[in-house]
Amino acid sequence: MKSIINIYGRADSKLKELAKSVALETIKLMGQPDCFELTIKFVSENEIKRLNCEFRSIDKVTDVLSFPATNIKAGEIFCKDNDLDFCDGLGGDFAYLGDMAICTKQLFRQAKEFDATVFEELKKLVIHSVLHLFGYDHIEDSDYIVMHKNEEMIDKKIKI
């Protein structure tokens, strides 16, 4: 079984393929089983601003938004081999992990701003968002430290 990554929106095929590969590799590097489905959508500035306003009450463009579909806690291993029944109850052999929205224009702006390639910046955004889908956040300083440590570890291991 291999996790399913659905990709939509306006981005070229190379960006979409990279996003898919990074999401799959992030799941693996987190020690999670390969039983998830998630959706990545590349969106416009207007769409990301609308979503940010609607779901976070922040009326501005952002780079990536994450919409978890589970209540998994940071660091928790989901759907262990001895507990695959949970995955079976969601219309097949996969648990729906959630959705992420990536603003394509903001991705390009940030790559330029941070003197990175678009691929490097996309990798960081996807890793960040997948961690959010698995319950990590950065609201408290202590949570930020844990999430950032995981982001860096995964970023170093995924070669693009």
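Reader: Among contacts in the chain between residues at least 6 apart in sequence, what percentage join residues at least 24 apart?

Author: A contact means heavy atoms within 4.5 Å. In the chain, 72% of the contacts between residues at least 6 apart in sequence join residues at least 24 apart. This is a predicted model, in which local features need pLDDT of at least 70, side-chain atom pairs count only at pLDDT 80 or more, and totals for chains, interfaces and linings use all residues. Residues are numbered from 1 along each chain as its sequence is written, and side-chain values use heavy atoms, with hydrogens and water left out.

Reader: How is a pair of aromatic rings described, and how many aromatic pairs are there?

Author: A pair of aromatic rings is described by the distance of the centres and the angle of the planes. Rings of Phe, Tyr and Trp (its six-membered ring) pair if their centres lie within 6.5 Å; planes under 30 degrees apart count as stacked, over 60 as edge-to-face and the rest as tilted. The count here is two aromatic pairs. Phe36 and Phe134 are edge-to-face, with 5.2 Å centre to centre and 90 degrees between the planes.

Reader: Where do Phe36 and Phe134 lie?

Author: Helices (H or I, at least four residues) and strands (E, at least two) are DSSP runs, numbered from the N terminus. Phe36 belongs to strand β2 and Phe134 to the loop between α5 and α6, so the pair ties together parts that are 98 residues apart in sequence.

Reader: Are Phe36 and Phe134 buried or exposed?

Author: Buried means under 20% relative accessible area, exposed over 50%, and partly exposed in between (1.4 Å probe, protein chains only). Both Phe36 and Phe134 are buried.
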